[in-house]
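Please open the model in your viewer and follow the stops below in order. Each stop says what to select and what is there.

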Amino acid sequence: MKRKTSDWYKAVKTEQLKRDWSNQDLADAVGLTRNYVCAVVRGRIISPGTATKISQVLGIPAPDESVT
């Protein structure tokens, strides 16, 4: 079964496209490694603090803790 993509993930990717940011650009803006940021965005790592930081940098609402 295919996993549903979260609305937060979609918002992150939309903002990255608007800004023409790569995953490395986002990681640099947040101050963490690209691998770690990608894992949080994709939901492989649960880190509400990092998700909030990403949301603040991108100017989007932070996700529910149940989503990240």
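Is Lys13 buried, exposed or partly exposed? Keep that in mind while selecting the residue in this predicted model. Lys13 is partly exposed, because its relative accessible area is 23%, and buried means under 20%.

**Stop 1: Lys13 and its surroundings**

Lys13 sits in helix 1, which covers residues 7-19. Show side chains and find Gln16: the side chains of Lys13 and Gln16 are joined by a polar contact of 3.2 Å. Next, display Asn23 and Val41, which Lys13 touches when residues up to four places away in sequence are not counted.

**Stop 2: the whole chain**

Zoom out and switch to a cartoon. The protein chain has four helices and zero strands, and its elements run α-α-α-α from the N terminus on. Its C-alpha atoms fill a box of roughly 30 × 20 × 20 Å along the principal axes.

How does the radius of gyration of the protein chain agree with that of a compact globule? A compact globule of 68 residues would have a radius of gyration near 11 Å, and the protein chain has 11 Å, so the two agree. Of the 68 residues, 31% count as buried. Among contacts with a separation of 6 or more, 49% are between residues 24 or more positions apart.

**Stop 3**

Select Asp20, in the loop between helix 1 and helix 2. Asp20 is exposed, because its relative accessible area is 68%, and exposed means over 50%. Check its backbone as well: phi of Asp20 is near 60°, a positive value in a residue other than glycine. Most residues other than glycine have a negative phi.

**Stop 4: helix 2 against helix 3**

Now colour helix 2 (23-30) and helix 3 (residues 34-42). These two helices pack at an angle of about 100°, with their axes 8 Å apart. Helix 2 is therefore roughly perpendicular to helix 3, since angles of 65 to 115 degrees count as such.

Which residues make this contact? On the helix 2 side, show Asn23, Gln24, Leu26 and Ala27; on the helix 3 side, show Arg34, Val37 and Cys38. By class, the contact of helix 2 with helix 3 has four nonpolar, two polar and one charged residues.

**Stop 5: the inside of helix 3**

Stay on helix 3 and select Val37, Cys38, Ala39, Val40 and Val41, which are buried. Then move to Gly43, which follows helix 3 and has a positive phi, near 90°.

**Stop 6: Tyr36**

Go back into helix 3 and select Tyr36. Tyr36 is partly exposed, with a relative accessible area of 28%. Its side chain makes a polar contact of 3.3 Å with the side chain of Ser47. Leaving aside neighbours within four places in sequence, Tyr36 is in contact with Ile45, Ser47 and Thr50. The C-alpha atoms of Tyr36 and Pro63 are separated by 17 Å, and the two residues are 27 residues apart along the chain.

**Stop 7: helix 2 against helix 4**

Helix 2 and helix 4 pack at an angle of about 100°, with their axes 10 Å apart. That angle makes helix 2 roughly perpendicular to helix 4. Leu26, Ala29 and Val30 in helix 2 meet Lys53, Ile54, Val57 and Leu58 in helix 4. The residues of this contact divide into six nonpolar, no polar and one charged. Leu26 is listed here and also in the contact of helix 2 with helix 3.

**Stop 8: Ser55**

Finish in helix 4, where Ser55 is found. Is Ser55 buried or exposed? Ser55 is buried, because its relative accessible area is 2%, and the cut-off for buried is under 20%. Leaving aside neighbours within four places in sequence, show the residues in contact with Ser55: Trp8, Ile60, Pro61, Ala62 and Pro63.

Key. Residues are numbered from 1 along each chain as its sequence is written. This is a predicted model: local features need pLDDT of at least 70, side-chain atom pairs count only at pLDDT 80 or more; totals for chains, interfaces and linings use all residues. Side-chain values use heavy atoms; hydrogens and water are left out. Buried means under 20% relative accessible area, exposed over 50%, partly exposed in between (1.4 Å probe, protein chains only). Contact means heavy atoms within 4.5 Å. A polar contact is a pair of N or O atoms within 3.5 Å; within protein, one must be able to donate a hydrogen and the other to accept it, and residues adjacent in sequence count only if both atoms are side-chain atoms. Axes are lines fitted to C-alpha atoms, for helices over the stretch in contact, and angles run from 0 to 180 degrees between N-to-C directions. Angles under 35 degrees count as roughly parallel, over 145 as roughly antiparallel, 65 to 115 as roughly perpendicular and the rest as oblique. Ala, Val, Leu, Ile, Met, Phe, Trp, Tyr, Cys and Pro count as nonpolar, Asp, Glu, Lys and Arg as charged, and the others, Gly among them, as polar. The radius of gyration is taken over C-alpha atoms; the globule rule is 2.2 Å times the number of residues to the power 0.38.
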